[in-house]
Amino acid sequence: MPLINLENVSFSYDNNIDVIKNVSLSIFEGEYIAVIGHNGSGKSTLAKLFNGLIKAQKGKVVVDGFDCADKKQVFEVRKRVGVVFQNPDNQLIASIVEDDIAFGPENLGVKRQEIGKRIDFALSAVGMQKFRKSSPSRLSGGQKQRIAIAGVLALNPKVLVLDESTAMLDPQGRNEVLEVAKKLNKEQKTTIINITHYMDEVVNADRVLVLNKGEVVLSGTPKEIFAKKDKIRSLGLELPVSTVIADELKQNGIDLNSEVLTENDLVSSLIGWSEGLCK
């Protein structure tokens with residue numbers, strides 16, 4: 001049974017133009033999903049539909065058996081799906097890190113002793129234990145975003161949605177956030193939905209959803225998606241850097257004879273190609 005299921009979902013804002021158009025998709029527990037698409041393709045709107053921040057105007061969104069359109073059930077939906085947005089400064093509300101993380105559970109009526117355990121778990125999960133008594137305002141962008149993730153984790157969600165959560169970060173900050181997401185997915189079996197425009201963040205996903213004008217136009221593994229190079233480019237999207245380098249090498253007579261997505265793929269393929277010359 002899918003953890004998140006959308007059936008023929010459409011949504012529009014005030015101008016009556018559908019931002020999401022008749023989308024049907026299923027996301028299963030423990031998956032690592034990447035969602036890509038050019039600006040205005042509907043990615044962030046989809047994130048809000050996942051946890052009931054907005055309601056589908058057509059179709060149905062069900063999370064872990066709960067209907068997002070039912071006011072009595074949407075609270076349960078939001079306990080299960082946590083969203084981390086682009087700007088961490090908009091998500092941090094307390095002057096001390098541990099107080100910020102405690103805010104969500106306190107509003108759920110969680111007992112104080114349990115809140116303490118959740119703070120410990122959340123800080124450990126994002127590698128920020130030593131910053132428990134620190135002020136968020138004194139942290140780097142990557143550290144702030146990790147605290148924002150910790151605040152969501154304290155709610156004990158089954159799904160963590162990263163909605164362009166690395167867009168405002170430098171490369172180090174991006175890596176910090178992605179490592180946390182990978183760790184949660186692998187060790188805690190948290191379902192991750194990473195909405196991003198960085199193609200290098202996509203390559204380690206289990207599945208990629210490509211949005212265009214509110215529709216899911218491609219779905220598959222990273223290798224399946226990026227093998228359709230012309231289609232990806234026609235949608236206004238880039239390819240992973242290592243894929244671009246491999247293509248340029250091929251145009252210059254160095255055919256690596258394999259699908260290259262990551263730096264490791266590129267290095268392995270180059271080693272294999274050079275060994276072939278020596279035979």
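**A salt bridge to begin with**

Author: Glu179 and Lys182 form a salt bridge through their side chains, at 3.6 Å from N to O. A salt bridge here is a side-chain nitrogen of Lys or Arg within 4 Å of a carboxyl oxygen of Asp or Glu.

Reader: What kind of model is this, and how are residues numbered?
Author: This is a predicted model, where local features need pLDDT of at least 70, side-chain atom pairs count only at pLDDT 80 or more, and totals for chains, interfaces and linings use all residues. Residues are numbered from 1 along each chain as its sequence is written, and side-chain values use heavy atoms, with hydrogens and water left out.

Reader: Back to Glu179 and Lys182. How many residues apart are they in helix H6?
Author: Three, so about one helical turn separates them in H6, which covers residues 171–187. Helices (H or I, at least four residues) and strands (E, at least two) are DSSP runs, numbered from the N terminus.

Reader: How many salt bridges does the structure hold?
Author: The structure holds 17. One of them joins the side chains of Asp64 and Lys158, at 2.9 Å from N to O.

Reader: Where do Asp64 and Lys158 lie?
Author: Asp64 is in the loop between E4 and E5, and Lys158 is in the loop between helix H5 (141–153) and strand E7 (159–163), so their pairing ties together parts 94 residues apart in sequence. Asp64 has 26% relative accessibility and counts as partly exposed; Lys158, at 33%, is also partly exposed.

Reader: Which residues are linked in a network with that pair?
Author: Glu76, Lys79 and Arg80 are linked with Asp64 and Lys158 in a network of salt bridges.

Reader: You mentioned E4 and E5. What do they form?
Author: A hairpin, with two residues between the strands. Asp64 is in the turn and has a positive phi of about 50°. E4 (residues 58–63) and E5 (residues 66–67) run antiparallel, joined by two bridges. Two strands pair if DSSP finds at least two bridges between them. Within this pairing, Val62 is opposite Asp67.

Reader: Which strand is joined to E4 by five bridges?
Author: Strand E1, residues 4–12, which runs antiparallel to E4. There, Ile4 stands opposite Val63.

Reader: New topic: helix H4. How many residues does H4 have?
Author: H4 has 14 residues and spans 20 Å from first C-alpha to last, close to the expected 20 Å. The expected span is 1.5 Å times one less than the number of residues.

Reader: Which residues of H4 are buried?
Author: Ile115, Arg118, Ile119, Ala122, Leu123 and Ala125. They cover an arc of only 155° around the axis, which puts them on the same side of H4. The arc is that of the directions from the helix axis to the C-beta atoms. Gln113 and Lys117, on the other side of H4, are exposed.

Reader: What covers the buried residues?
Author: The cover includes helix H3 (97–107), H5 and H6, with contact meaning heavy atoms within 4.5 Å.

Reader: What comes just after H4?
Author: Gly127, which takes a positive phi of about 70°.

Notes
Buried < 20%, exposed > 50% of the residue type's maximum accessible area, 1.4 Å probe, protein only.
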